[in-house]
Amino acid sequence: MENRFAIGKKETKLMDTTQLREHFLVTGLMQLGKLSLVYTHYDRMIIGGVVPTKEAIHLDNPAELRAAYFLERREMGVINVGGKGKIIADEKVFDLDKLTGLYIGKSVKDVQFISINENDPALFYILSAPAHHIYPTSLCTASEATPVKMG
């Protein structure tokens with residue numbers, strides 16, 4: 001897991017475009033057959049990507065979290081932006097078509113990411129934040145979402 005530390009307002013004002021991109025732009029999240037995570041010290045957020053191909057990818061527990069398992073004190077939102085996939089959260093199976101989201105609550109111990117077709121893999125985009133209450137894992141399809149028009 002990559003770590004990104006917070007930078008003050010004064011230092012940020014002095015940065016050029018290259019430095020701003022280096023500190024704030026996250027790239028390379030979606031890599032075939034891998035789980036990629038970036039821990040930012042801004043609100044202790046974790047951003048990530050998972051692209052399973054032939055085999056399921058388990059959500060590992062980075063040492064930086066100082067936890068028994070990833071979601072011991074965190075919650076996670078996942079959106080599939082690729083082909084059809086599945087997420088298994090503590091033995092409960094959730095099917096995720098493109099643009100389907102899954103909220104995974106605090107205290108879920110085992111999370112696995114699976115693509116249905118390795119030639120059109122699921123692309124799971126992850127956001128995780130600290131949690132202080134347990135809410136149930138729940139699925140939200142694109143048709144259930146409430147779009148907000150901007151501009």
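Below is a short chat about the predicted model shown above.

User: What sort of model is this, and how are residues numbered?

Analyst: It's a predicted model, where local features need pLDDT of at least 70, side-chain atom pairs count only at pLDDT 80 or more, and totals for chains, interfaces and linings use all residues. Numbering starts from 1 along each chain as its sequence is written, and side-chain values use heavy atoms, with hydrogens and water left out.

User: OK, how many helices and strands are there?

Analyst: The protein chain has 2 helices and 11 strands. Those are DSSP runs numbered from the N terminus: helices are H or I with at least four residues, strands E with at least two.

User: And what order do they come in?

Analyst: From the N terminus, it goes β-α-α-β-β-β-β-β-β-β-β-β-β. The radius of gyration is 16 Å, close to the 15 Å from the globule rule for 151 residues, so the chain is as compact as a globular protein of that length. That radius is over C-alpha atoms, and the rule is 2.2 Å times the number of residues to the power 0.38.

User: What share of the contacts comes from residues 24 or more positions apart?

Analyst: Such residues account for 64% of the contacts with a separation of 6 or more in the protein chain; a contact means heavy atoms within 4.5 Å.

User: How much of the chain is buried?

Analyst: Of the 151 residues, 36% count as buried. Buried is under 20% relative accessible area, exposed over 50%, and partly exposed in between, with a 1.4 Å probe and protein chains only.

User: Switching topic: how many aromatic pairs are there?

Analyst: The count comes to 1. F113 and F124 make a tilted pair, 5.4 Å centre to centre with 50 degrees between the planes. F113 sits in strand β9 (residues 111–115) and F124 in strand β10 (residues 124–130), so the pair ties together parts 11 residues apart in sequence. For the cut-offs, rings of Phe, Tyr and Trp (its six-membered ring) pair if their centres lie within 6.5 Å; planes under 30 degrees apart are stacked, over 60 edge-to-face, and the rest tilted.

User: Is F113 buried or exposed? What about F124?

Analyst: F113 is buried at 0% relative accessible area. F124 counts as buried too, at 0% relative accessibility.

User: Which phi does D90 have?

Analyst: Phi of D90 is near 50 degrees, a positive value in a residue other than glycine. Most residues other than glycine have a negative phi. D90 lies in the loop between β6 (85–89) and β7 (92–96), and at 35% relative accessibility D90 counts as partly exposed.

User: And where's L99?

Analyst: L99 is in the loop between β7 and β8 (101–104). Phi of L99 is near 70 degrees, again positive in a residue other than glycine.
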